[in-house]
Amino acid sequence: HADNLARLRELIAQSSRMVAFTGAGISTESGIPDFRSPGGLWTKYRPIEFQDFMASEEMRRESWHIKFATEKVIADAKPNKGHLALAHLYRQGKLSSVITQNIDGLHQVSGIPDDRVIELHGNTTYALCLDCHQRYELDQIRAIFLPDETVPHCDRCGGFIKTATISFGQAMPVEEMRRAEEETLACDLFVALGSSLVVFPAAGFPLMAKQNGARLVIINRDATKQDPYADLVINGSIGEVLGGLLDGDELSMGRD
Ligand code: NAD
């Protein structure tokens, strides 16, 4: 582990523009289960696909039912050492941006500005009208839904309201994909953290960075299919690895 950490430090020191690419694994230490952990949210509630959400009022009701039955997990979560270490690297001018598959908003809470967090799969902490894109806060939806499970509709255009996440089967957000590509091609160090790197198109960015000449680092508890392309693979807990990276040297997180 010590060698890996030294190598990671060296790669960061040599980099002048770093991008972090994060998946569910960076948030498990904040108490939000990833896809794979048995007994987690996602094994109890199968994710509702976009076409099903669009197809019936019953599925939209089910979708809001699941959202409010499970929202505390994300609402109560706080950034962990992994998020905080990335925020520290951002403040130091090392980290240009975070491209995330997560929908929990914890990178922003950790102190990375909104415009430096590229959310490929949206955000579950608010909702949008699918037609006119009017924004709704969860408090507003809760007030409509909770008493008798009335499915909310947009009060401006009548469209369907959905959490601002990208469901399976839903089109990827065009502007976020464009910015993610731009950041990927501009970086000299691309660090993938806590992602199994199997959900495409998001999982295409690490290889895009590598093929463009950036160094590629993968930090993940389990092996990934993209490990063979990486300059450095660290199998471990993100909190421990990034905590170890920042503890006791000039990058010390101090009183962050
Ligand atoms: P994934 O569940 O497929 O993979 C997570 C990976 O992280 C696994 O390989 C696991 O070994 C690793 N991991 C878990 N905890 C770790 C830790 N503490 N330290 C190091 N590694 C750890 O997740 P994915 O690749 O992000 O893709 C799944 C999809 O699920 C994404 O599209 C995402 O939008 C969605 N999702 C989001 C959240 C969230 O917002 N927090 C949570 C679950 C799923």
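This briefing walks through a ligand site, a pocket, a cavity and some individual residues of one protein model. The model is predicted, so local features are described only where pLDDT is at least 70 and side-chain atom pairs only at pLDDT 80 or more, while totals for chains, interfaces and linings use all residues. Residues are numbered from 1 along each chain as its sequence is written, and side-chain values use heavy atoms, with hydrogens and water left out.

**Around the ligand**

- A shell of 27 residues surrounds the ligand, and the closest are E29, Q101, H121, S196 and D222; a residue is near the ligand if one of its heavy atoms lies within 4 Å of it.
- By class, this shell has eight nonpolar, 13 polar and six charged residues. Here Ala, Val, Leu, Ile, Met, Phe, Trp, Tyr, Cys and Pro count as nonpolar, Asp, Glu, Lys and Arg as charged, and the others, Gly among them, as polar.
- Some polar contacts can be picked out in this site (a polar contact is a pair of N or O atoms within 3.5 Å; within protein, one must be able to donate a hydrogen and the other to accept it, and residues adjacent in sequence count only if both atoms are side-chain atoms).
- The side chain of T28 has an N or O atom 2.8 Å from a nitrogen atom of the ligand.
- For N220, a polar side-chain atom lies 2.9 Å from an oxygen atom of the ligand.
- In the side chain of D222, an N or O atom is 2.5 Å from an oxygen atom of the ligand.
- How much of the ligand does the protein bury? Taken alone the ligand exposes 860 Å², and the protein buries 97% of that. Such areas come from the Shrake-Rupley method with a 1.4 Å probe; for residues, only the protein chains shown count as cover.

**The second largest pocket**

- On a 1 Å grid over the protein atoms alone, a pocket is an open set of points with protein on both sides within 12 Å along at least five of seven lines, whereas a cavity is a set of points where a 1.4 Å probe fits but cannot get out; lining residues have an atom within 4 Å of a point.
- The second largest pocket has a volume of about 630 Å³. Of the 33 residues that line this pocket, E119, G122, N123, Y126 and A164 are the closest to its centre.
- A volume is the space filled by probe spheres set on the grid points, which are joined across faces, edges and corners.
- At least two lining residues of this pocket come from each of α4 (57–75), α6 (106–109), β3 (117–119), β4 (122–129), β6 (161–165) and α8 (174–186). These helices (H or I, at least four residues) and strands (E, at least two) are DSSP runs, numbered from the N terminus.
- Strand β4 gives the largest share of the lining of the second largest pocket, six residues.
- The lining of the second largest pocket divides into 17 nonpolar, nine polar and seven charged residues.

**The cavity**

- The structure holds one cavity of 30 Å³ or more, and about 40 Å³ of space lies in the largest cavity.
- What classes of residue line the largest cavity? Its lining has 10 nonpolar, no polar and no charged residues; among them are L8, M18, V191 and L245.
- The elements α1 (2–14), α5 (81–91), β7 (189–193) and α10 (238–246) each supply at least two residues of the lining of the largest cavity.

**Backbone details**

- Most residues other than glycine have a negative phi, and most peptide bonds are trans.
- A cis peptide bond joins F200 and P201, with omega about 10 degrees. P201 sits in the loop between β7 and α9 (205–211).
- L197 is also in the loop between β7 and α9, and has a positive phi of about 55 degrees although it is not a glycine.
- Is L197 buried or exposed? L197 counts as buried because its relative accessibility is 3% (buried means under 20% relative accessible area, exposed over 50%, partly exposed in between, with a 1.4 Å probe and protein chains only).
- H133 has a positive phi near 65 degrees and lies in the loop between β4 and β5 (135–137). H133 counts as exposed because its relative accessibility is 55%.

**Buried residues**

- T184 is found in helix α8 and counts as buried, at 0% relative accessibility. A polar atom of the T184 side chain lies 2.7 Å from the backbone oxygen of A180.
- S97 lies in strand β2 (residues 95–100) and is buried, at 2% relative accessibility.
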